[in-house]
Amino acid sequence: MRYRRLGETGLSVSEISFGTIPVLKGSIPVLPKYYNLEIDEAVALMRYAWKLGCNFYDTAIVPEYGDAEIKLGIFAKTIDRDQLILSDKARFFDGYDMYHAVEESIKNLQETPDIYFVHQVDYENVDQVFGKYGALDALVELKREGKIRYTGIASHYYDVLYRGLLDKRVDVLQGSGNLLERGMLDRIEREPMFQKKGLIINKVYAAGLLPRYFSEQELIGSVLSYPISTALIGIGTRQQAECAFLYNTTRYDRMEWIDVIDRLKQYFTPVGCDRCQKCVCHYGTEIHTLLRQKNYFHMGKDYWALKKLKLGIKDSARFCEHCVESTCMRQCPKGLFIPHLIQEINEMVEQYL
């Protein structure tokens, strides 16, 4: 296992880290159906990853991640806590709610979280999070009180991460990306200031969809070729732990974009969108998310993708049909014919729902 600098925190983290969604138990929306670990199984798996060199573990507050936070706290008692880095998060945007969420997490972990993130910050809540008395202010106060060590912002949006980059209150950032959805990683790579912040990247396997088409080595190597601190991977079995934490190479290979698309073309016709998020829509449609869901539909997550797509797709298709701005296509580096793709998605949803 190799280790990388976590921004300017002074921490050194394993370049591959442990995501705890697969170790939770219970009726939780984020729970994959094929995992449901008891406490002893979960702790044993986390200890196995520890022996393989992993020192960074990421979780979230109960009940968002079920009992994963509690299990992580139990595991932390079994090893050298000084060598372990605990990352926690909560989806609260108001400072009052966030402050009490962190106190609840401390009770569950029975430990001080090293990093605490405001989870899933997006365009609807970003001003509240960064504003006066928002969640970020609460984390700063908790850091001052010694209840957490470092503050964090977690988001799937480049603009939100960039705002966190420029804010001195933020110590660590958590974003998403993989060898297919690499647009945000490409933009981060072109902005040297990001290296001043610790940068954690999740969704390396695209919610478990990409290993059907690419090896774990290809997926991990592509992400680690970017200037990030650690690649966060959900681990639910010893085999998955070995595939991730026994990754060993003298170089990090990044698959060429055309090779990624060609590989997927062997199975279906992919949308060649890398989610760079530059396709800003005049009507507010989140184009890159719709295009991702179209790919996810063909990659095996059909019900989940359709459920997401049916929310507003009719309006988006209608707006797109009558739009004369076409700013999305002018902004798209891949030259995608976006209006046609939006109509295709609308027809697909109508056909299957």
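**Surface patch, a buried arginine and aromatic pairs**

User: Which residues form the nonpolar patch on the surface?

Analyst: This is a predicted model. The patch has about 220 Å² of accessible area together. One of its members sits in helix H1 (residues 39–51) and, at 42% relative accessibility, counts as partly exposed. The patch residues are Ile-39, Ile-70 and Ile-74.

User: What is the nearest side chain of opposite charge to Arg-182, and how far away is it?

Analyst: Arg-182 sits in the loop between strand E8 (172–176) and helix H7 (183–189). Leaving out residues up to four places away in sequence, its contacts include Tyr-226, Glu-256, Trp-257 and Asp-274. Arg-182 is buried but has no salt bridge, since that would take a nitrogen-to-oxygen distance within 4 Å. The nearest opposite charge is on Asp-186, 4.5 Å away.

User: Are the rings of Tyr-158 and Tyr-162 stacked or edge-to-face?

Analyst: Tyr-158 and Tyr-162 are four residues apart in helix H6 (residues 158–166), so about one helical turn separates them. Tyr-158 counts as buried at 8% relative accessibility, while Tyr-162 is partly exposed at 28%. Their ring centres are 6.1 Å apart and the planes meet at 25°, which makes the pair stacked.

User: And what is the angle between the planes of Tyr-213 and Phe-268?

Analyst: This pair links distant parts of the chain, 55 residues apart. Tyr-213 is buried at 4% relative accessibility, and Phe-268 is buried at 9%. The pair is edge-to-face, with 6.1 Å centre to centre and a plane angle of 65°.

Note on methods
Residues are numbered from 1 along each chain as its sequence is written. This is a predicted model: local features need pLDDT of at least 70, side-chain atom pairs count only at pLDDT 80 or more; totals for chains, interfaces and linings use all residues. Side-chain values use heavy atoms; hydrogens and water are left out. Patches are made of residues with over 30% relative accessible area and no salt bridge: like charges are joined within 9 Å, nonpolar side chains (Val, Leu, Ile, Met, Phe, Trp, Tyr) within 5 Å. Accessible areas come from the Shrake-Rupley method with a 1.4 Å probe; for residues, only the protein chains shown count as cover. Helices (H or I, at least four residues) and strands (E, at least two) are DSSP runs, numbered from the N terminus. Buried means under 20% relative accessible area, exposed over 50%, partly exposed in between (1.4 Å probe, protein chains only). Lys and Arg count as positive and Asp and Glu as negative; His and the chain ends are not counted. Contact means heavy atoms within 4.5 Å. Rings of Phe, Tyr and Trp (its six-membered ring) pair if their centres lie within 6.5 Å; planes under 30 degrees apart count as stacked, over 60 as edge-to-face and the rest as tilted.
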